[in-house]
Amino acid sequence: MNEQKRVIALGFFDGVHRGHGALLSRVAGKAAELGAAPAAVTFDTHPENLIFGSPMPLINSPLDRAELMRRYYGIREVIVAHFDDRMMHMPWEDFITEFLVREHGAVHLVAGHDFHFGYKGEGNPDRLREKCARLGVGCDIIPKVELDGITISSTYIRTLLAQGEIERANYFLGHPHTLTDTVHHGKKLGSTLGFPTVNLRFQPGVLIPARGVYAARVWFENGESRCAVTNVGVRPTVDSHGEVNVEGFILDFDGDLYGQTVRMEFYRYLRGEQKFPTLEALREEIMRNAEETRAYFRGREM
């Protein structure tokens, strides 16, 4: 039996959007009330990947998902469960009694109106509520959350990101779309053009947003941040390999970030990916994009 008492949010939480926020905020409030740790259970891979055998591109890596829950909603512990054959075949009652209560010390559970769990998804909000009542465990079921008449969902936000509608995606997320990665060596294009750059990669299985150039902000390990003109794509002017890369040209900064773990936040889609006739033409365009980016962030409270 786990000694630590936890109030646990249940779900996959891809994107950690405003709908998820309703669950996570409830967990934080209840945990404070009960003197328990605010926690969330998520899975390392989307259950549909194993159940249907079709990979679903995710908004965030598990690392970003956990960090967003901590940063925006005060979730202290994110339990990343391994979704394997055992988990897929676990009876729904065992998921509550063995996994959540015995293994993780759940004293109160919070789930969304459409949460299904256990073998063949036989566990549902009604069964969860009934079982919790029998066990003396608290339970809240959170109704669907709408914004402008649209039900907030990870599926809808994935579509927005794929179409380059980053500002609308951020509106439904409730925070900027985020990518955290360790800076690796790129093609040294930034130094050629006169900007320090960070080269990042999306983790396998993470959705790549619409290719093009974004107004972004990069957060460093020391807590400082700078605006950046960020290209998501294959860099057609300088590269013929066709591998999607994330390259941030950092504005008003001088230094080498190689090896640091940085957080890139995407705010506005500036233009589609283009091939320029010369490096000089590319540099001029990036200078224009830099001014657009500065103008976007000027006057914004960051």
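Modeller: Glycine 105, which follows helix 5, has a positive phi, near 65°. The model is a predicted one, and every value here is computed from it. Helix 5 itself covers residues 92-103, and its buried residues are Trp92, Phe95, Ile96, Thr97, Phe99, Leu100 and Val101. These buried residues pack against strand 1 (6-10), strand 2 (37-43), strand 3 (77-81), helix 4 (85-88), strand 4 (106-112) and helix 6.

Phenylalanine 95 is one of the buried residues of helix 5, and it counts as buried because its relative accessibility is 3%, where the cut-off is under 20%. When its neighbours within four places in sequence are left aside, phenylalanine 95 is in contact with Phe43, Met87, Met90, Leu100 and Phe117. Between phenylalanine 95 and tyrosine 119 the sequence separation is 24 residues, while their C-alpha atoms are 9.3 Å apart in space.

For helix 5 and helix 6 (residues 125-135), the axes come within 10 Å and cross at roughly 50°. The crossing in which helix 5 passes helix 6 is right-handed. On the side of helix 5, the residues that meet the partner are Trp92, Glu93, Ile96, Thr97 and Val101, and on the side of helix 6 they are Arg127, Leu128, Lys131, Arg134 and Leu135. Sorted by class, this contact holds five nonpolar, one polar and four charged residues.

Histidine 116 lies in the loop between strand 4 and helix 6. With a relative accessible area of 48%, histidine 116 is partly exposed, and, not counting residues up to four places away in sequence, it touches Gly121, Gly123 and Asn124. Histidine 116 and asparagine 170 are 54 residues apart along the chain, and their C-alpha atoms are separated by 27 Å.

Turning to the rest of the fold, the largest nonpolar core has 31 residues, of which Ile157, Val246, Met264 and Phe266 touch the most other members. At least two residues of this core come from each of helix 7 (154-162), helix 8 (166-173), strand 9 (197-200), strand 10 (212-219), strand 11 (225-233), strand 12 (245-250) and strand 13 (261-271). Helix 8 gives the largest share, four residues. Methionine 264, with neighbours within four places in sequence left aside, has contacts that include His177, Leu179, Val198, Leu200, Ala216, Val218, Val246 and Gly248. Apart from this core lies another, of 28 residues, and among its members are Ala39, Trp92, Ala106 and Phe117. Trp92 in that other core is also one of the residues with which helix 5 meets helix 6, and Phe117 is in contact with phenylalanine 95.

Arginine 158 is found in helix 7 and counts as buried because its relative accessibility is 10%. Not counting residues up to four places away in sequence, arginine 158 touches Asp14, Met56, Pro57, Leu58, Ile59 and Leu207.

Definitions and conventions:
Residues are numbered from 1 along each chain as its sequence is written. This is a predicted model: local features need pLDDT of at least 70, side-chain atom pairs count only at pLDDT 80 or more; totals for chains, interfaces and linings use all residues. Side-chain values use heavy atoms; hydrogens and water are left out. A nonpolar core is a set of buried Ala, Val, Leu, Ile, Met, Phe, Trp, Tyr and Cys residues joined through side-chain atoms within 4.5 Å. Buried means under 20% relative accessible area, exposed over 50%, partly exposed in between (1.4 Å probe, protein chains only). Contact means heavy atoms within 4.5 Å. Axes are lines fitted to C-alpha atoms, for helices over the stretch in contact, and angles run from 0 to 180 degrees between N-to-C directions. A crossing is left-handed if the near helix is turned anticlockwise from the far one by less than a right angle, and right-handed if clockwise. Ala, Val, Leu, Ile, Met, Phe, Trp, Tyr, Cys and Pro count as nonpolar, Asp, Glu, Lys and Arg as charged, and the others, Gly among them, as polar.
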